[in-house]
Structures are given as C-alpha cells and as structure tokens.
Amino acid sequence: MQDQDKYAEQAASMEEQTPADAAAPAAQTLEEQLAASQQLVQELQDAFLRAKAEAENSRRRAQEDITRAHKFAIEGFAEAMVPVKDSLEMALQVETPSVESLKEGVEMTLKQLSAAFEKNRLLEIKPQAGDKLDPMKHQAISVVPADQEPNTVVSTLQKGYLIADRLLRPALVTVAQEK
C-alpha cells in the first residue's frame, strides 16, 4: 500500500506543474541541440569543401608536373648531345684537315657521344660470338652453319640499344643452325 500512496503523490505533484513549465526546459534544450547540430553541419560542410578543394588542387598540380615531365623529358639528353654537335661543327670548320686530325677529332667526338649515352642510361647490346640468342634483345637475321652450339650468336651485324631496361633497338645477329 505504501507504494500506491507514493505513486499517487507523484502523480498529483506532476499535475500541479503546468504543461508550459515542463515543456520550456525541454524546448530550450531541443532548440540548443538544433542550433548546435546546425553549427556542426556547417563546420563539417566547410571542412568537406576545403578538403575537396585541396584534393582538386593536388590533382591539378600532379597533372601539371606530368605535363612538364613529358615536355622536358629529353632535356638531359639534349644537354649531353650539344657538345657532340659543337665538336662536329668545329671539325667541319678546319680549312685543311689532315687524316690524323680528322681521326683524332672523330675519336674525341665518339668519346663525348659514348659519355652522353652512358649518362642518360642508353646502353649498347653487342653480343659476342657464342652467346646464347636472347629474343628479347637480339634479332636473328640469318641462320648459318657453324661449329658451335645451335641458337648461339655467330656474329653481330649491328649493335642494339637499351634505355634503362627498355629495348630501343635489338642487336642484329647471325645465329648458328642446328646440326
């Protein structure tokens, strides 16, 4: 019975409060929550727009870097080739060249060219007689009878070239035929 009396007292005290009094703190709390939520939404929207703009700027900068890299990719090689051209032009300006001076000039120019190739990772492929045929680096022009293992290089007709690890031109070779 005591519990019933307690519940009755609580019900009576609740009835004494007007609905407006009870709703005021709840409404204020809801309005504060709404304002806080709207402020949070605004902050998140601002952060999203900033992140989106930053991502777009990063993408644009990366695209510009790629464009510049394509445009100036050959710049290093061109810088290495200019002295070679200068040497060839100087050789042509000599009034009365001797065979020895021409040979010496060509050798010096070849050294410059080889240094330029090496600097830019342009490597020669020059297989030696007896090397196994590598279809990834060699192109067999003909098959000839020879006293060596089949499918090995007999002679190199033209050097090949690699840029870094990429084949620019295969070496042209003759290959030993099977017996």
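The model is a predicted one, in which local features need pLDDT of at least 70, side-chain atom pairs count only at pLDDT 80 or more, and totals for chains, interfaces and linings use all residues. Residues are numbered from 1 along each chain as its sequence is written, and side-chain values use heavy atoms, with hydrogens and water left out.

Helices (H or I, at least four residues) and strands (E, at least two) are DSSP runs, numbered from the N terminus. Helix H4 covers residues 99-119, and its 21 residues at 1.5 Å a residue should span 30 Å, which agrees with the 30 Å between its end C-alpha atoms. The expected span is 1.5 Å times one less than the number of residues.

Thr 109, Ala 116 and Phe 117 of H4 are buried. The buried residues lie within an arc of 95° seen down the axis of H4, so they line one face of the helix; the arc is that of the directions from the helix axis to the C-beta atoms. Buried means under 20% relative accessible area, exposed over 50%, and partly exposed in between (1.4 Å probe, protein chains only). Exposed residues on the other side of H4 include Glu 100, Lys 103 and Lys 119. The buried residues pack against helix H3 (75-93), strand E1 (122-125) and strand E4 (160-163).

Strand E2 spans residues 138-144 and holds His 138. At 11% relative accessibility, His 138 counts as buried. Ser 142 is also in strand E2, but at 29% it counts as partly exposed. Beyond its neighbours within four places in sequence, Ser 142 is in contact (heavy atoms within 4.5 Å) with Val 173, Thr 174 and Val 175.
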